[in-house]
Amino acid sequence: MAYVATRGGERAIEQSERLFRSEMGAIDGARVQQVKESLPYLVDRVMGEASLYDEYLAALALAQTGGELYEAVLLLRAWRTTQPRLCVAAPVEQDRLFTHRRISAAFKDIPGGQVLGPTLDYAHRILATEVLQGETYEPAAVDPAETPTPAYHPGVSAWQAENDLVDLPEPDAVLGNDIPDLTREPLLFPSKRAHTLQSLARAETGGVLALGYAAMRGYGQAHPTVNELRLAEAEIEVKHPDGRSFSAGRVKVSQAEVVDKKGEKLGLGYAATFGWNEVKCIAAATLDLNSPGAEKGSPTEEEFFLYHTEGVESSGFCIHFKLPHYVTFQSSLDAMRDARAKKAAKPKPNVTEPAE
Amino acid sequence: MTLKTLTKPWEAMSYGFLDGSAKREMRRKMLKSVAVPGCQMPYASREVPMARGWGTGGLQVSLTLVNPETRVKVIDQGADDSVNAASIRRFIARVAGTPTTMDTLKADLIQSRHRIPEEVLSEDQILVLQVPNPEPLRPVQPNMSIARQMHADADYGRMWLQLYEQIVRSGRVMQGASYPSLVNGRHVMTPSPIPRWDVPKLHMAKHLTILSAGREKRIYAVPPFTRVEPLVFSDVPYKVEDHAKLTCHRSGATGFFMNEIPQDDGSSTHEVSDSEWGVKAIRVRDGEKVALGETWYKDGEMPQ
């Protein structure tokens, strides 16, 4: 069996995986807890891209992959897809979102008020190097407001609709298991509205940003104004088999609504995702805003941006080029060599002066 | 009736990893793809514990088809011990408890990337080909929804034009692997990136071939005894790789698809790409008694 023994593929892959894991060492519950507490925005991003809301599983995936984000998302998705769908929660209405942060760039003030909430937007981005000198960086305590902001707010677009500035989309009456589910059906084009929003919700943040940014810079027709950006918690309202509704808990969600003038009305672009991820929502909503009527093959066309922001697919395909391709390469070489031989064998035509 | 009689004990994973609803969808789509040979059927394509582009489409087919008695062979570039083939084989055996083999003749199901074994497959064998890009029209039409319409209309004009342009520019069709082929006289498919050498093995074959692209979420099939005709002009015959006269430097076998191995002195040697066929040839040479299957190619020629 000399032929096979010279390679020893199985042993090699086993050892290479061990080598990777040895860098991270043992993983225990304490480490998962630490990842969850110290990196909530990373956990959020991973949960959004995996379309699975579970902070502990997401933290575990991050710990297990050493923060290799694409791997972490794949781990969660592969786990998620085997889980039964027990039930579908009731739709979440805008004014039922427990809101932590809600801002609008369209108006100086909005009904319900601008709520800054938690953000680094106005922070001076200075590295706390003193920590590396042995000091502890202790964030200053938050001074609570005298009157707390109400937790529930209507959408800004609701006011615009009242004032005939925007046509809100027709309410979708489809409920429960009849809602098209992108994780159980293929994405086909023109895409169902539910599929588009689901696909953007689980899209890879960097990918959405790249294409959204292209649209913002001028490769799209519509220039976004952030009508409303929200970080909130949504109630998961499910039905008990005996008919009673109850809350199964809250999940962090973020959403962005962007607008642009479209004739005499405003055009709307929307995106939402699990976890708090503002960049992704604004970029995704911008793509959504630009997609109606976009030219085939342009970055703002639905098929183009939905396919190419799918992080698990794109990263997987990218790294697959590491796999051996020597059979296909050999096949190409054969065609190339043959074409070259044919060319060499062909008698050279007499080169004459070009016609005057 | 109690809750206990209605439920099963908790298990971390379903048999064969995929849950029942995923397998049911796979079975339906496989039947559909057999019913319309060469036509790409969209499917949900679940995530599996492997990266997209690494055989996840083929894997979902294999995981759906196997039972604990199915003898599984997995190859990549023709080799059983190629790292990813080893990984997939280990995974199937781990989650489905299937016996594995490297012998083409003993396998019930063969999952392969980029090759069809050199020994003829029989009626009771299934070949599962991993497909990176299921769309033969991609080079002339990258938009999936337009390409889908073109298939529906059997609108293959641009495909022919592309082949014609290659002949005009280079004196021959420059397509390497993945040679576009007409299935059952109706749908043009890509046979996956198998070399041109392997495409005639699909024509009127006794076995069922299922081609599955996990990342692109498309599945299609070549049922037994189905015509698979590479797209060629009547005056420019189909040409497989010029490997008929090459000899394997390890086994001495001649007349099969070879891997080219560059040498320090600037020359090349060759070895049989179908690694198990190479192993058999070596064992025969060393005087062992080995069951050799009939091969598709005889003396480097595919009988018509």
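**Notebook: chains A and B of a predicted model**

I began with the overall size of chain B: a compact globule of 304 residues would have a radius of gyration near 19 Å, and chain B has 20 Å, which agrees. I note at the outset that the model is predicted.

**Entry on chain B as a whole.** I looked up the extent of chain B along its principal axes and found that its C-alpha atoms fill a box of roughly 75 × 55 × 35 Å. I recorded seven helices and 11 strands in chain B. Of its 304 residues, 50% are buried. I then turned to contacts in chain B between residues at least 6 apart in sequence; 62% of these join residues at least 24 apart.

**Entry on where the chains meet.** I looked up how many residues of chain B are in contact with chain A, and found 54 residues of chain B in contact with 42 residues of chain A. On the side of chain B that touches chain A, at least two residues each come from α4 (83–96), α5 (144–152), β10 (258–262) and α7 (275–285) of chain B. By class, I find 20 nonpolar, 19 polar and 15 charged residues on that side of chain B.

**Entry on a helix pair in chain A.** I next examined helix α4 (residues 40–50) and helix α5 (residues 55–65) of chain A, which pack at an angle of about 100° with their axes 9 Å apart. Angles of 65 to 115 degrees count as roughly perpendicular, and α4(A) and α5(A) are therefore roughly perpendicular to each other. I listed the residues that make the contact: α4(A) contributes A:L42, A:V43, A:V46 and A:M47, while α5(A) contributes A:E55, A:A58, A:A59, A:A61 and A:L62.

I traced an open sheet of four strands in chain A, in the order β1-β2-β3-β4, with antiparallel pairing. At its edges stand β1 (98–103) and β4 (265–274) of chain A; each has a single partner strand, so one side of each is left without a neighbour in the sheet. From one strand to the next, the twist averages 20°.

I followed β1(A) to its pairing with strand β2 (residues 225–239) of chain A, which is antiparallel and runs over five bridges. For A:T99, I found the bridge partner in β2(A) to be A:A232.

Lastly, I looked up what lies across this part of chain A. Helix α10 (residues 278–290) of chain A lies across β2, β3 (245–262) and β4 of chain A, and runs at about 140° to β4(A).

Note on methods
Residues are numbered from 1 along each chain as its sequence is written. Chains are lettered from A and ligands numbered from 1 in the order in which they are written. This is a predicted model: local features need pLDDT of at least 70, side-chain atom pairs count only at pLDDT 80 or more; totals for chains, interfaces and linings use all residues. The radius of gyration is taken over C-alpha atoms; the globule rule is 2.2 Å times the number of residues to the power 0.38. A residue is buried if 20 or more other C-beta atoms lie within 10 Å of its own, exposed if 12 or fewer, and partly exposed in between; C-beta atoms are placed from the backbone. Two residues are in contact if their C-beta atoms, placed from the backbone, lie within 7 Å. Axes are lines fitted to C-alpha atoms, for helices over the stretch in contact, and angles run from 0 to 180 degrees between N-to-C directions. Angles under 35 degrees count as roughly parallel, over 145 as roughly antiparallel, 65 to 115 as roughly perpendicular and the rest as oblique. Ala, Val, Leu, Ile, Met, Phe, Trp, Tyr, Cys and Pro count as nonpolar, Asp, Glu, Lys and Arg as charged, and the others, Gly among them, as polar. Two strands pair if DSSP finds at least two bridges between them.
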